[in-house]
Amino acid sequence: MPELSKLFPGKPPPGPFQRDFWKSPLRGPWLNSFLGSALLPLILICALTGFLSHVAYYPELGDNSITGSGAIGFDLYFFDWPTTPAWLYAFTQGLRVISGVAAIPILLAKLWSAMPKLFEWPPARTPAHMLDRLSLALLVGGSLFVFFTGILNIQLWYPWGFSFVPAHYYGAFIFLAALVLHLVGKIPVARRAFREKGVVRPLRDDLAHTEPEAPQEHTTAPHAPASPTMSRRFLLGVIGAGSLGLGVMTAGQVVGGPFRKLALLSPRNRGFGDGPNEFMVNTTAAEAAINPATTTTDWRLRLDGAGTPVELSREELLAMDLYTESLPIACVEGWSTTQDWTGVRLRDLAALAGIEGSAEVLVQSLQESGTFNQATLASSQIDDERSLLALQVNGADLSIDHGFPARVIVPALPGVHCTKWVSSMTFTDA
Amino acid sequence: MPEMGKLRSQYGEGPLHLLAVIASFAIATYAFFEIAAGTAPINFAIWFVAAIVAHDMLAFPLYSVLGVIAGEAIGPRPAAPAGPTALNYVRVPALLSGFAFIVWFPLILGFGEDEFVESTGLDTDPYLGRWLLLSGVLFAVSAMAYAVRLRRERT
């Protein structure tokens, strides 16, 4: 062995570096493995749906990519996001935020369970051990960073001086890269713990039968355990109840209807009332700095395509063939609400602009600044007959906060790409 | 295979570990370059490290000390030897209420109120009350469960 250990005093410093410092009789490889095994599926669901969300934005079209500059011109993009089923984005994004929130109690329990490892002595035994511990800093920091930036984002609190999307997105790469390394090292440990103790057998022990795991070198099993004050199944039951409770309270703002009331602490558990326009808003007209005067009689929708641009007033749009579709507006923040939208089909507008067949459209808003004052839609999204330039919702004119005079609504499209206060649409052959 | 043996003795692990380490750190470094190109890398690094410090050096010691104080105040052992301790009737609602707080503290404390009002047209006023109500219910249910338990153990 290369004696890296010799660089450090043989006797650990006082306090948490002393192995007798850690008293909990519940800690040990089995508990660590069990918590890790419970946490992993939630992390995988959250990560996969996160990458799907990136795909749903069609990052390769126009200025749709919001993850940053793409320093090496590479983008994780695997397929064209469909428009069917219409609730697809509400589902994947709801799942993402529910799994992320539900993971928090298990993540915190996992960190509690593994905490003695932070104070291992000597701090590095071999080069491999040193690299493992460096990677653990990326794992722990990455998990806290990714989960909590997400949690702060859904509550619209941005106390940091970086832009959220690239930091959260590439922060996830750092976290997941460290997680893979962690799994390479820990899957054998978990297999051994489960082989020795059984996957669920320790859950059968009540308090009277709760024994500490055997203390071994380099594990979290306590060398000087106190007597237990709860069984492992009790601890895991409370963690599980916390995870389930938080999950249910988040699910309410995805499922909607009467379940929305369950989302007691979630940011989108209430609208404004019962009227046709009283459902929740992501960006108010005030935030987008929309001047109401520009939305009334002088407003025209400009259509660019082949040939001379066309300008349409709202009356002219209302005189076109109108269709009503029941479609969800689904936010990246994991809440959604389904409403009945009435308006003109996007493909009819494409035809009016002189574009036949496969096309893309750049939709621009009256909103002058902000990442989402424009979006580019794919040809499959224009072609879907449910894709509308909505003028009305639930039988009433759109309110200004919902995008009056006109907004885009496309099935399974992230809410922020359903551009509000539309001023122009530029169709190009795809 | 003497090379492999040498790797294991010098490095401390086998070749799979070394490959995984290289892959992992390469991807993490790539991601950091993307962050450096796309947003403020110093602020990212500060918040990344702050997340570790906030958990390991603040949150963990704080809740551990609270746990010890609760344990000493209430006493670790129940009246009947095999029953659950009174301690857990405090720990459980505190933990569940704490989980709700750790997830929704920005709304509960009204952080980001201005941004929230501008974006949603709603305010954060109800959330502190709702969290207190939730906590109150959790502690009340726990207290009732403890009262029932006490009664049952006396008879």
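User: What should I know before starting?

Analyst: This is a predicted model, in which local features need pLDDT of at least 70 and side-chain atom pairs count only at pLDDT 80 or more, while totals for chains, interfaces and linings use all residues. Residues are numbered from 1 along each chain as its sequence is written, and chains are lettered from A and ligands numbered from 1 in the order in which they are written.

User: How is the confidence of chain B read, and where is it lowest and highest?

Analyst: pLDDT is the predictor's confidence in each residue, from 0 to 100. Chain B has an average of 90, and 91% of its residues score at least 70. The lowest confidence in chain B is in α1(B), with a mean of 76, and the highest is in α4(B), at 96. For the complex, the predictor gives an ipTM of 0.94 and a pTM of 0.95.

User: How many helices and strands does chain B have?

Analyst: Helices (H or I, at least four residues) and strands (E, at least two) are DSSP runs, numbered from the N terminus. Chain B has six helices and zero strands, so its pattern along the sequence is α-α-α-α-α-α.

User: How many residues of chain B are in contact with chain A?

Analyst: Two residues are in contact if their C-beta atoms, placed from the backbone, lie within 7 Å. By that rule, 60 residues of chain B are in contact with 69 residues of chain A. Six helices of chain B, α1 (2-11), α2 (15-38), α3 (41-74), α4 (86-108), α5 (113-120) and α6 (125-154), each supply at least two residues of the side that touches chain A. The most comes from α2(B), with 14 residues.

User: What kinds of residues make up the side of chain B that touches chain A?

Analyst: Ala, Val, Leu, Ile, Met, Phe, Trp, Tyr, Cys and Pro count as nonpolar, Asp, Glu, Lys and Arg as charged, and the others, Gly among them, as polar. That side of chain B divides into 39 nonpolar, 15 polar and six charged residues.

User: Which domains does the assignment give for chain A?

Analyst: Domain bounds come from an automatic or database domain assignment. For chain A it gives domain 1 (4-262) and domain 2 (292-429). Their C-alpha centres lie 40 Å apart, and the contact between them takes 30 residues from domain 1 and 27 residues from domain 2. On the domain 1 side, α2(A) gives the most, with seven residues.

User: Is A:Ile239 buried or exposed?

Analyst: A residue is buried if 20 or more other C-beta atoms, placed from the backbone, lie within 10 Å of its own, exposed if 12 or fewer, and partly exposed in between. A:Ile239, in helix α5 of chain A, is buried because it has 22 C-beta neighbours inside 10 Å. A:Ile239 touches A:Pro105, A:Ile106 and A:Ala109, not counting residues up to four places away in sequence. A:Ile239 and A:Pro105 are 134 residues apart along the chain, yet their C-alpha atoms are separated by 5.9 Å.

User: And A:Glu315, buried or exposed?

Analyst: A:Glu315 lies in helix α6 (residues 314-318) of chain A and is exposed because 8 other C-beta atoms lie within 10 Å.

User: How do strands β3 and β4 of chain A run, and how many bridges join them?

Analyst: Two strands pair if DSSP finds at least two bridges between them. Strands β3 (residues 323-330) and β4 (residues 336-345) of chain A are antiparallel and joined by eight bridges. A:Pro328 stands opposite A:Thr338 in β4(A). The two strands form a hairpin with five residues between them, and A:Gly334 in the turn has a positive phi of about 90°.

User: Which backbone details remain?

Analyst: Most residues other than glycine have a negative phi, and most peptide bonds are trans. A:Tyr58 is not a glycine but has a positive phi of about 50°; A:Tyr58 is buried, with 23 other C-beta atoms within 10 Å. The bond joining A:Trp121 and A:Pro122 is a cis peptide bond, with omega about -5°, and A:Pro122 lies in the loop between α2 and α3 of chain A.
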